[in-house]
Amino acid sequence: MAQKINRRRFLKLFGAGSAVLTASLYGCDNKAQKTVMKEKAPGDVPTDKMTYRVNPKTKDKISILGYGMMRLPNIEQKESKDGKPTESVIDQEQVNRLVKYALDHGVNYFDTSPAYCKGHSEEATGIALKASGYDRSKYFVATKLSNFSPDTWSREAGIKMYHDSMKYLQVDYIDYLLLHAVGGGGMENFNKRYMDNGMLDFLVAEREAGRIKNLGFSYHGDIEVFDYLLANHDKYKWDFVQIQLNYVDWLHAKETNPRNTNAEYLYNELKKRNIPAIIMEPLLGGRLSKLPDHVVARLKQRRPEDSVASWAFRYAGHHDRVLTVLSGMTYMEHLQDNLCTFSPLVDLTPDDLDFLEETAKLIVSYPTVQCNDCKYCMPCPYGIDIPAIFVHYNKCVNEGNVPKDARDPNYAKARKAFLVGYDRAVAKVRQADHCIGCGQCAPHCPQNINIPEELHRIDGFIDRLKQGIL
Amino acid sequence: MLRIVRVIIATVVFALVTLLFFDFTGTMSGVAGWIPKIQFLPAVLALNLLVVAILVVLTLVCGRIYCSVICPLGIFQDVVSWLHGKFKKNRFAYKPEMKVVRYGFLILFVATLLLGFGSIAGIIEPYSAFGRIMSNIFQPLYILGNNALADVAEKNDSVMFYHVDLWWIKSLAVFIIAVATFLIVSLIAWIGGRLYCNTVCPVGTMLGFLSRFAWLKPVIDADKCNKCGLCARNCKSQCINFKEHEIDYSRCVACMDCIGKCHKNAISFSHPKKTQKDEAENVDTSKRAFIATAVTLASASVSETQAKKVDGGLAVVEDKVAPTRKTAITPAGSVSAKNVQQHCTACQLCITACPNGVLRPSTDIETFMQPQMSYERGYCRPECTRCADACPVGAIKPITVEEKSSTQIGHAVWIKKNCIPLTDGVECGNCARHCPSGAIMMVPSDEKDETSLKIPAIDTEVCIGCGACENLCPARPFSAIYVEGHEVHRTI
């Protein structure tokens, strides 16, 4: 028994070791972005051409590209096939390098949260900012009150979380503080998290004391909460609001999921009140860079030298009340590509906007799951690797490997690609067939995906595929 | 020339049967699935009279050619002996037949079979011994190699190779027997060539009765022979008494080595001038039963669900532990526990063929080393009939996917204390969702409250015992639903 485990572990370590080696040799190991990033050589990234937007209240100049600290690079410690997870740790050295590079090229907004990266993002961000050597006045730090778990709903726990953020970030004031993902769980949850315990009043007082420069909220989910908070703008004086905006969600958020709200509405509500917007999910967690082949061809035909992702970023930056566009850049190549897109931002023409709207219509016609791989749903108490399942499924949809029928011309090839890829992407004990439908994940999903239902649908498809009775 | 033909046929057969034991994709059974079916004892146990008749006739015509080109353990010994021959030439010498040992083993073998002490018999039977060596020692190495290739393929985004779970020691007792057999047979072959086949192997001894009377055999022409002894010194069966121009045909495996070695062309594969009576030999058909030591282990530990506070990460998934089953489960097609017990030679071919980690050798006393099902690693998938396709002895009879879906090999049993809706207070129903025969309904746990969390209700009349519920049950390490085997399978 001992021998078996040792051998397996040896193989895993050996495999992981060679993966790291390959990654370091080729710089970028991200398959999805590989095709996108090839065109631009690193030497081309300008250091002094970044577009800035001005915060109307503080007059701060904020870089239009904001660094999202949610998808930080890990030192890959792939879990073994038998489902025993090994702790993956943030690759701090790489984070330091990325943050320094971003600062050197004009990025000055860094957005983190106590919940990100299994709770280690703030600390990693603090270390990297300190290590960059830049003065505290040269960058802006955004973090959130991520009191999702009911045992952090008390006032004491909320204040502790806020103070811990300062400690981990190694700062004595926070530039941008957000109520994190209000809307999840509706007004009921909102009241429990911020009103009943007086946390919102506390944060407003902190702003007056100058320890919070700007107070805002990020919104996903129930529109009632968004409307309520804006209706009370006179009372709370929101300095900014973080919303999900991209060329698909502008008009089609409701189409893909009736429980969601179109970005057009959210943005216009803010514009009406002169509240600056900060944009999250401009790329839908990378989904707008991993598009079906013929959509990629369409975008490439129009601007052959630009990456697929650049279209999404330019779209987000196109709106004039947008203060910054957040991107969770894991790899140097992501960062470099985005820096090129925003240094300076080339505005979209009315023609471009029509073109993107046509593209959005094409994209929503694809049956992908609207998962952005944010991992808010994780960890699943029963061990399911939810985002990995959705990511694999979406990849197969985009690559045409989700056969509808056994008579499809590429059925055999697609079947093998789907099933072999599935076992590679997700350990057997973490696959969709183990989802019991307890539903504990669903309220955490900022995209309002009915996760159990989607998992069961995918599982049913896989079972029919395995049985050959599609 | 004849030797070259022998070597070519033996190489092909050996390669095919080896690949058959290595293969986990199910593709080899179409190519090489016939080889186990023409093995002597499997054919006898399967009551495959045609094959037995052909083998008897073959032996009566050409001698123990079976031992040279069909028996994989025989070919394996030839390889070992040949390797030794590379270091040390002309190492053999004539030795008289060890009658007492030889017939002693045969009597012991038949007696143990008849008396039901079959485990001893099964250990020396050549085909199943070879199967155990392959499945316990070499298939894991093959899978290790495959997985290394799969890692490379994964990096190159290819699906040519894919990862399969490596399960090295399915049963410690069987593993030890396989290793011991491998070492002992290799050692005997290294020292004494075909000594195992001519002293221990019951099939060799039985065929030896026939081969004495074979029509064609190596014959020494006394007129040409100069008694140089080269033939005897290269005879791995050590059966050529060159001084007397005699060959012990009961031990000769018709390998044709001596024919090529003779400088005087004094040996030919032909019918001897002096005729002999032919005599047929009875073959025995008998039931089997096994004894051995049994190893059981069970461990319990507390499962805990991980509270969600931060994003990402994976909860620990504990390994499943097999429940204690009152009746062991045997695969669909095996008809009954008794049928497996009587026909199975424990060659492990079905176990190597199972792609779902369901089959493993039994450690029970009566069914030692024979296949048994359990559902910790996977369940018996509805589309799969690979074990039935593989079985050469009719212990698992061929079955179609449709027949399998209506064959009841066991039934599910609910264990209340493990059931997740009751222990964790969340909705589940994963067993019902995955039951291929719709045998599980979810009913309210509180009969007075229609909205209470639902628990499974099993219709044992419809349940086929495939184990999907047991395998996919979220309760760990012990499932809240498990399968009890049926001694005799039923059709629903």
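The model is predicted. Chain A holds 19 helices and 12 strands, and 48% of its 470 residues count as buried. Chain B is divided into two domains, domain 1 (2-270) and domain 2 (408-492).

**Overall layout**

- In chain A, contacts with a separation of 6 or more are counted, and 76% of these join residues 24 or more positions apart.
- In chain B, the centres of domain 1 and domain 2, taken over C-alpha atoms, are separated by 48 Å.

**A helix pair in chain A**

- Two packed helices are described by the angle between their axes and the distance between the axes.
- Helix α3 (residues 92-104) of chain A packs against helix α5 (residues 121-132) of chain A at an angle of about 55°, and the axes are 8 Å apart.
- Angles from 65 to 115 degrees count as roughly perpendicular and those under 35 degrees as roughly parallel, so α3(A) and α5(A) are oblique to each other.
- The crossing of α3(A) and α5(A) is right-handed.
- From α3(A), the contact is made by Q92(A), V95(A), N96(A), V99(A), K100(A) and L103(A).
- From α5(A), the contact is made by A124(A), I127(A), A128(A), L129(A), A131(A) and S132(A).
- Sorted by type, the residues of this contact between α3(A) and α5(A) are 8 nonpolar, 3 polar and 1 charged.

**The contact between chain A and chain B**

- Chain A gives 48 residues to the contact, and chain B gives 39 residues.
- On the side of chain A that touches chain B, at least two residues each come from α1 (2-26), α4 (116-119), α18 (411-425) and α19 (451-467) of chain A.
- The residues on that side of chain A divide into 17 nonpolar, 16 polar and 15 charged.

- Is α15(A) enclosed or open, judged by how many of its residues are buried? In α15(A), 10 of the 11 residues are buried, so the helix is largely enclosed by the rest of the structure.
- The buried residues of α15(A) are E333(A), H334(A), L335(A), Q336(A), D337(A), N338(A), L339(A), C340(A), T341(A) and F342(A).
- P344(A) lies in the loop between α15 (332-342) and α16 (350-364) of chain A.
- The peptide bond that joins S343(A) and P344(A) is cis, with omega about -10°.

**Other backbone features**

- Most residues other than glycine have a negative phi, and most peptide bonds are trans.
- In chain B, a cis peptide bond runs from R476(B) to P477(B), and its omega is near 0°.
- P477(B) is found in the loop between α22 (468-472) and β10 (481-491) of chain B.
- D373(A), a residue other than glycine, has a positive phi near 60°.
- The loop between α16 and α17 (386-398) of chain A contains D373(A).
- D157(B) is placed in the loop between α10 (126-155) and α11 (172-192) of chain B.
- A residue with 12 or fewer such neighbours is exposed, so D157(B), with 10 C-beta neighbours inside 10 Å, counts as exposed.

Key. Residues are numbered from 1 along each chain as its sequence is written. Chains are lettered from A and ligands numbered from 1 in the order in which they are written. This is a predicted model: local features need pLDDT of at least 70, side-chain atom pairs count only at pLDDT 80 or more; totals for chains, interfaces and linings use all residues. Domain bounds come from an automatic or database domain assignment. Axes are lines fitted to C-alpha atoms, for helices over the stretch in contact, and angles run from 0 to 180 degrees between N-to-C directions. Helices (H or I, at least four residues) and strands (E, at least two) are DSSP runs, numbered from the N terminus. Angles under 35 degrees count as roughly parallel, over 145 as roughly antiparallel, 65 to 115 as roughly perpendicular and the rest as oblique. A crossing is left-handed if the near helix is turned anticlockwise from the far one by less than a right angle, and right-handed if clockwise. Two residues are in contact if their C-beta atoms, placed from the backbone, lie within 7 Å. Ala, Val, Leu, Ile, Met, Phe, Trp, Tyr, Cys and Pro count as nonpolar, Asp, Glu, Lys and Arg as charged, and the others, Gly among them, as polar. A residue is buried if 20 or more other C-beta atoms lie within 10 Å of its own, exposed if 12 or fewer, and partly exposed in between; C-beta atoms are placed from the backbone.
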